[in-house]
Amino acid sequence: MTARTPAPTTRTALVIGGGVAGLVAAMALHKAGIEARVYEAYDAHSGARGGGDGGGRGGGRGGAMTIAPNGQQALEAIDAAETVRTIGTPVTALALRSWTGRHLAQLAPPADLPATRFVWRTELHEAIEAEASSRGIPVHKGKRLLDATDTGTGVTARFSDGSQARADVLIGADGLRSTVRALIDPSFPKPHYAGTLTFTARVPKTELPSTEGVLYMCYGKKAYFAYQIFDDASAAWSVNLPHREPLTQAEAQAVGAGEWLKRLREAFTDDRTPAPDLLADTSPEDVLITGPTETMPPVQTWSRGRMIVIGDAAHAMSPTSGQGASLASEGAVQLARCLRDLPVGKAFKAYESLRHPRVDRILKHTTATATATSAAARTATPKPAGPLSRALRDALLPVATKVGGAGGAVWGAWQFDHRINWDEQVG
Ligand SMILES: Cc1cc2nc3c(=O)[nH]c(=O)nc-3n(C[C@H](O)[C@H](O)[C@H](O)COP(=O)(O)OP(=O)(O)OC[C@H]3O[C@@H](n4cnc5c(N)ncnc54)[C@H](O)[C@@H]3O)c2cc1C
């Protein structure tokens, strides 16, 4: 560790987007001694709205997600890990099943790392936002960024309500359909439709037994089904349903939860997993229509001048990777370290060198796993798996997961084992 520069040359930052990436970035900048203000397009936090323009992904009441150990360790670096620990339920193992109910693999979490936490998205956002507010970070709601000008000495942002704000740097944490990304580079690739629509549900009561912390992933005959049943008899499930035509979230919502529930029950009717029973226990009002699964192709440049993108705005992953929010948190903390120790241009360059290898590796791994386990590949495309490929997939999957995960049947392994040394000087 070398002696750190006494005060950051960057004094102020505008953070666009009040999702995980934006709020964690603002807290990390605050810890680094940089004044950060968050500007969020929606009046309510993103986790609580029903969605619509796709500014955030997987938002909405009842949406479920997991926060991986590496995400928790990023929060630990800025003394915020408690926010997830207090609301999350530990996931004790990951179990893979075929549509026949056959056991394919059970992956244990690495023993020396904090357990992955299952969280409800709304609660996660509320907890992180409350933590940011308790640290004195202003979160301005109803401020949709329209445009920004980099004057060379700072950035002026303009919002849809006619107001403006100025700071030394502008950080785009504005999700998959990032406005900041388009300002940095209009030719930045667009998100790519991955061939499935995603649904999730919070089921208040089921007669099925608790999974005792195990998260089940079932490669269904026609679609992918993940579920967990809690000790209080409530349950969570999520489905990736192959759908040839891309639908926006609004278009999918217009179909109606009742109709989708009917279609999901049909899709899982042959499966000999708890999917049919859990879907029978689900009411339309429990269902959240998350919309299309979209990913970002890898891009080499995330910044220009005094503007940079982080989180999904820069590198959205498939939801099944379980890494989106954790990588967003890691990136937010690393960016704050870079801006703490280096002037803007060098800081952004250092950030990209630090983050690219890891983000690209996880993106590659996620894709490779999907291909190796043809199960995931088949359920992630509009074409459902045929009988032969299903049989092959089920035969190969136990092998693929063992070979694919360094260290045998351990879940996550190198992806999870990532710590950020906050005190170490960058550069
Ligand atoms: C169905 C589904 C399941 C998922 N499950 C998991 C999981 O289990 N684990 C995991 O780690 N990840 C998961 N992910 C991915 C994860 O949700 C994202 O990676 C993560 O939320 C990214 O956070 P973010 O802050 O970068 O973006 P977002 O959460 O999208 O936040 C962006 C924010 O910016 C705001 N905004 C947008 N445009 C503007 C503008 N012009 N001006 C101002 N504000 C703006 C939006 O309203 C939003 O609040 C899942 C995603 C989906 C879709």
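Mentor: Let us settle one term: contact means heavy atoms within 4.5 Å. Please also keep in mind that this is a predicted model.

Trainee: Then let me use that term. Leaving aside neighbours within four places in sequence, which residues is T295 in contact with?

Mentor: With that exclusion, T295 is in contact with P191, H192, A316, M317 and S318. T295 has its place in strand β17.

Trainee: Is T295 buried or exposed?

Mentor: T295 has a relative accessible area of 18%. Buried means under 20%, so T295 counts as buried.

Trainee: How many residues along the chain lie between the positions of T295 and L176, and what separates their C-alpha atoms?

Mentor: They are 119 residues apart along the chain, and their C-alpha atoms are separated by 8.2 Å.

Trainee: Back to the strands. What is the order in the open sheet of 7 strands?

Mentor: The order is β6-β5-β14-β15-β16-β13-β17, and the pairing is mixed. β6 (103-107) and β17 (287-295) each have a single partner strand, so one side of each is left without a neighbour in the sheet. On average, neighbouring strands of this sheet are turned by 20° against each other, direction ignored.

Trainee: In which sense do β13 and β16 pair?

Mentor: Strand β13, residues 192-203, pairs with strand β16, residues 235-242, in the antiparallel sense, over 8 bridges. As an example, R202 has A236 in β16 as its bridge partner.

Trainee: Which strands does helix α7 lie across?

Mentor: Helix α7 (residues 257-267) lies across β13, β16 and β17. Its direction is at about 80° to β16.

Trainee: Changing topic, what about β2? How many of its residues are buried?

Mentor: Strand β2 (residues 35-40) is mostly covered, with 5 of its 6 residues buried. β2 pairs with strand β1 (residues 12-16) in the parallel sense over 5 bridges, and V15 has V38 in β2 as its bridge partner.

Trainee: Which strand do 3 bridges join to β2?

Mentor: That is strand β8 (residues 139-141), which runs parallel to β2. There, Y39 stands opposite H140 in β8.

Trainee: And the helices? How many residues of α10 are buried?

Mentor: In α10, 17 of the 18 residues are buried, so this helix is largely enclosed by the rest of the structure. Helix α10 (residues 324-341) reaches 26 Å from its first C-alpha to its last, close to the 26 Å expected at 1.5 Å a residue.

Trainee: How many of the 9 residues of α2 are buried?

Mentor: In helix α2 (residues 69-77), 8 of the 9 residues are buried, so α2 is also largely enclosed by the rest of the structure. Among the buried ones are P69, G71, L75 and A77. D79 follows α2 and has a positive phi, near 60°.

Trainee: Last topic: which residues have the most contacts inside the largest nonpolar core?

Mentor: They are L29, L170, W302, I310, V333 and L339, in a core of 81 residues. Residues up to four places away in sequence not counted, L29 touches A13, V15, I34, A36, I171, A336 and L339. A second, separate core has 31 residues, including F199, C218, Y227 and V239.

Methods: Residues are numbered from 1 along each chain as its sequence is written. This is a predicted model: local features need pLDDT of at least 70, side-chain atom pairs count only at pLDDT 80 or more; totals for chains, interfaces and linings use all residues. Side-chain values use heavy atoms; hydrogens and water are left out. Two strands pair if DSSP finds at least two bridges between them. Helices (H or I, at least four residues) and strands (E, at least two) are DSSP runs, numbered from the N terminus. Axes are lines fitted to C-alpha atoms, for helices over the stretch in contact, and angles run from 0 to 180 degrees between N-to-C directions. The expected span of a helix is 1.5 Å times one less than its number of residues. Buried means under 20% relative accessible area, exposed over 50%, partly exposed in between (1.4 Å probe, protein chains only). A nonpolar core is a set of buried Ala, Val, Leu, Ile, Met, Phe, Trp, Tyr and Cys residues joined through side-chain atoms within 4.5 Å.
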